[in-house]
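Me: Could you take a close look at one part of this structure for me? I'd like to hear how a single residue sits among its surroundings.

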Amino acid sequence: MKKCIITVVGKDTVGIIARVCTYLAETNINVLDISQTIVNGYFNMMAVVDVTTATKEIAAVSKELEEVGLGIGVTIHCQREEIFEKMHRL
């Protein structure tokens with residue numbers, strides 16, 4: 001299984017989770033775990049997703065998610081799980 005970590009941060013507004021999850025579903029990416037909080041009007045979400053059956057390359061998914069974020073006023077990052085695994089080996 002290939003996993004990615006998606007983070008979403010920005011001013012809270014209606015539909016952030018819906019827009020991100022709609023994109024993921026359209027790209028055949030499965031959400032394995034998701035957490036979101038709102039603190040003083042600021043939205044923060046982290047999701048672990050399975051990209052094994054994604055219909056696009058991860059680089060394209062990452063770029064397109066950034067564009068989705070721009071469209072709804074948040075910052076979205078999509079990073080491969082391996083990045084976090086290697087950071088903890090140092």
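Reply:

V61 is buried, with a relative accessible area of 0%. Keep in mind that this is a predicted model. For the label "buried", the cut-off is under 20% relative accessible area, so V61 at 0% qualifies.

As for where that is, V61 belongs to helix 2, which covers residues 58–72. If you skip the neighbours within four places in sequence, V61 is in contact with Y23, T27, I29, K56 and C78. G15 makes a handy reference point: it is 46 residues away from V61 along the chain, and the two C-alpha atoms are 19 Å apart.

Now for the next residue, S62, which is in helix 2 as well. S62 has a relative accessibility of 15%, so it counts as buried too, given the under 20% cut-off. From S62, the side chain gets to the backbone oxygen of C78 at 3.5 Å. C78 also turns up in the contact list of V61.

Further along there's L65, which touches I6, V20, Y23, L24, I76 and C78, again leaving out residues up to four places away in sequence. Y23 and C78 are on the list for V61 too.

Zooming out, the largest nonpolar core has 21 residues, and L65 is one of those touching the most other members, along with I6, V8, L24, V49 and I76. Helix 2 gives two or more residues to this core, as do strand 1 (3–11), helix 1 (16–26), strand 3 (42–50) and strand 4 (74–80).

How values were computed. Residues numbered from 1 in each chain as written. Predicted model: local features only at pLDDT ≥ 70, side-chain atom pairs only at ≥ 80, totals over all residues. Heavy atoms only, no water. Helix = DSSP H or I, 4+ residues; strand = E, 2+ residues; numbered from the N terminus. Buried < 20%, exposed > 50% of the residue type's maximum accessible area, 1.4 Å probe, protein only. Contact = heavy atoms within 4.5 Å. Core = buried A, V, L, I, M, F, W, Y, C linked by side-chain atoms within 4.5 Å. Polar contact = N/O pair within 3.5 Å; in protein donor to acceptor, adjacent residues only side chain to side chain.
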